[in-house]
Amino acid sequence: MRVGLLSHNARFGDALGNQIAARARFFHQRGDDVQVWIECDRRLQPALRGKVQILSDRNLDQALDELRQTDCLIVHFTQDYRALDLLPKLADGGPRILFDYYGVTPPEYWDGPAEQLRAGQDRRSLVWYADAAIVHSRFMRDELCRATGFPEQRVHLVPLWFQPPETDAGPTTTRSQLWEIPDHARLILFVGRLAPNKRLPVLIEALSRLRQDDPPVHLLVIGDSGEIYRHERERCEQRAATLHLVDRIHWRGRVGPSELASAYRHADVFVLPSVHEGCGLPVREAMAAGLPVIVARSSALPETMAGAGLSFTPDDPDDLARQIRRALSRTAPRPSSRVPPKIAVIAPDFGFNVVGGAEQSLRLIAQTLASEGAAVEVFSTDGTEERLPGFTLHRFPKNRPSVTASSSLSQRIEFGEATWQEFVDATRHSDRLLAAWATRCHEFDAAIVGPYSCGLTWEVVRQCPEQVLLLPCFHDEVLAHRMELRELCQIIGGILYHSAAERRLAELSLGIHHPNTVEVGTYLPAPTGDPERGRHRVRSSVPYLLYAGRACKEKNFHLLLEWFRNDRRERGSKWELVLTGDARPGRWDDGIRCLGRLDPQALADVIAGAACLVQLSTRESLSLASLSA
């Protein structure tokens with residue numbers, strides 16, 4: 001196969017140059033005929049020397065003829081450049097074209113002439129001459145499709161190739177030998193071009209908040225600071241002098257692979273405050289080197305980092321300083337002196353007859369831990385006394401309802417109009433439980449608490465944050481986006497997610513990153529429902545649809561009733577709708593029957609006998625009813 005690689009440049013030490021060199025090597029190893037065309041060979045990747053052809057006005061026609069003969073042309077798009085004019089001519093009967101989009105820095109993130117950036121944004125529409133596009137993050141896919149209208153199904157997410165730094169290679173050297181940094185100091189590392197979008201001044205401001213910390217904190221800055229980046233370097237140096245940080249910041253400019261590997265090896269934490277990144281290659285290098293990572297909660301950075309580091313509010317040096325302290329003060333988990341461990345499970349409601357999925361999940365966790373030999377004690381509120389073998393159950397009276405716990409407050413919480421304290425006060429459920437826990441929390445190795453939509457959870461966090469393992473059951477709703485919730489999640493012991501989707505929601509949309517997280521899934525026993533018993537309990541002679549859960553707006557329960565009634569009225573449907581949960585038992589109207597709360601066996605029978613389970617909620621992180629069905 002004949003392959004063409006087209007780019008403006010292929011510089012040594014940056015993501016684009018690395019990618020082009022790796023692709024050329026890959027196709028050569030396959031036995032393909034590879035041509036690399038670039039416009040600028042300055043600081044060319046060493047692996048490409050003697051293997052590239054330089055584009056100019058004099059040989060554009062020659063390049064056009066040769067590229068027409070290729071079978072596949074990969075166009076690397078990072079900025080506007082002259083050779084892009086060839087695309088319309090190549091698209092008509094020429095090679096298959098892949099448009100590799102790396103992103104264009106928005107002009108508002110540049111403090112100099114931005115005509116080239118605006119031209120680059122305009123030229124993104126050339127993607128329509130390609131058969132498909134390649135991106136290296138979901139953020140870049142969304143940016144490209146939003147800007148051009150290019151169909152998402154023709155955009156392919158391909159991980160960015162990179163070579164992990166050889167952090168174990170070379171002779172042993174110290175910080176003082178390499179950069180005259182005290183060996184006892186804590187070291188922050190920044191790697192990247194000194195472009196305004198990288199927001200190095202925010203990191204310098206954060207460093208000033210750490211000025212009095214002991215041991216002292218230093219900053220090592222590695223990356224291109226010449227020519228077009230000189231003004232940003234001068235601005236950073238001036239700000240450092242104003243903040244009396246000249247002795248704490250060490251400027252290295254561009255460095256070779258050996259020094260970069262040493263920097264990753266010696267640093268205590270890597271920070272990238274950038275507000276616009278298509279992927280963030282240094283983030284991946286730092287993670288590959290085992291270095292703790294902190295990034296701005298912006299563009300593709302949370303996606304690149306995923307659950308492997310911490311994030312901060314973009315352009316907020318106070319939040320960044322907090323996260324740096326959090327990373328620098330990390331300690332190993334305290335081993336339990338007790339075998340078996342002693343675990344508390346704290347839930348607003350607890351028992352077999354509790355409908356909520358989060359509460360059922362906490363019950364399953366308590367039962368499973370107890371069956372594995374842990375000493376489990378459950379703290380919950382009023383409820384029917386049940387025989388739950390294997391652990392101790394403590395029940396406490398609920399708080400008496402007050403005016404603040406009205407439905408109007410629920411609406412204000414949903415629309416973000418209530419304060420955080422109003423939400424906590426209205427949903428803390430049991431002051432007696434909290435008082436009892438405050439006197440006994442030191443007895444336990446950990447407390448598993450949830451869900452996030454309950455003030456009781458956050459009062460427990462406030463009392464003993466480091467002991468808490470949060471089972472959040474996050475939904476994409478106003479409450480989950482609260483800044484107070486995000487800050488509290490930074491101080492707890494860990495987070496237990498039910499699914500990868502819930503974790504992605506927390507990390508990419510809610511900005512919640514914690515170094516101690518795990519996807520625990522859930523456990524369900526093998527199905528034991530009897531369909532005949534289920535149909536007999538429903539007492540229906542026609543097939544029935546089943547809804548299992550709370551009858552509330554958040555579950556779109558009102559839409560289910562509306563749509564079902566419309567279907568019977570307008571189409572003459574003979575289906576029946578059977579409801580289980582906390583709604584009023586009995587026949588509601590023609591075709592709708594509510595069975596109320598059912599014990600586990602009865603619910604399994606009704607599920608087995610149903611024609612279909614219908615759940616319209618769009619806010620579930622876990623649906624045990626769906627899994628059972």
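Below are the ground rules, then the stops.

This is a predicted model, so local features are described only at pLDDT of at least 70 and side-chain atom pairs only at pLDDT 80 or more, while totals for chains, interfaces and linings use all residues. Residues are numbered from 1 along each chain as its sequence is written, and side-chain values use heavy atoms, with hydrogens and water left out.

**Stop 1: a buried arginine**

Select R486, in helix α18 (residues 483–489); helices here are DSSP runs of H or I with at least four residues, strands are E runs of at least two, and both are numbered from the N terminus. R486 is buried but has no salt bridge, and the nearest side chain of opposite charge, D319, is 5.9 Å away. Buried means under 20% relative accessible area, exposed over 50% and partly exposed in between (1.4 Å probe, protein chains only). A salt bridge needs a side-chain nitrogen of Lys or Arg within 4 Å of a carboxyl oxygen of Asp or Glu. Lys and Arg count as positive, Asp and Glu as negative, with His and the chain ends not counted.

What is R486 in contact with, leaving aside neighbours within four places in sequence? Show R297, T313, H481, L510, G511 and I512; contact means heavy atoms within 4.5 Å.

**Stop 2: a buried glutamate**

Next, pick E502 in helix α19 (residues 500–509). E502 is also buried without a salt bridge, and R503, the nearest side chain of opposite charge, is 9.7 Å away. Which backbone nitrogens does the side chain of E502 reach? Look for C473 at 3.0 Å and F474 at 2.9 Å.

**Stop 3: aromatic rings**

Now colour the rings: there are 17 aromatic pairs, counted for Phe, Tyr and Trp (its six-membered ring) when centres lie within 6.5 Å, with planes under 30 degrees apart called stacked, over 60 edge-to-face and the rest tilted. Y547 and F557 make a tilted pair, 5.3 Å centre to centre with 50 degrees between the planes. Y547 belongs to strand β21 (residues 544–548) and F557 to helix α21 (residues 557–571), 10 residues apart.

Finish with F379, F396, W437 and F444, which ring pairs link into a cluster.

Conventions. A polar contact is a pair of N or O atoms within 3.5 Å; within protein, one must be able to donate a hydrogen and the other to accept it, and residues adjacent in sequence count only if both atoms are side-chain atoms.
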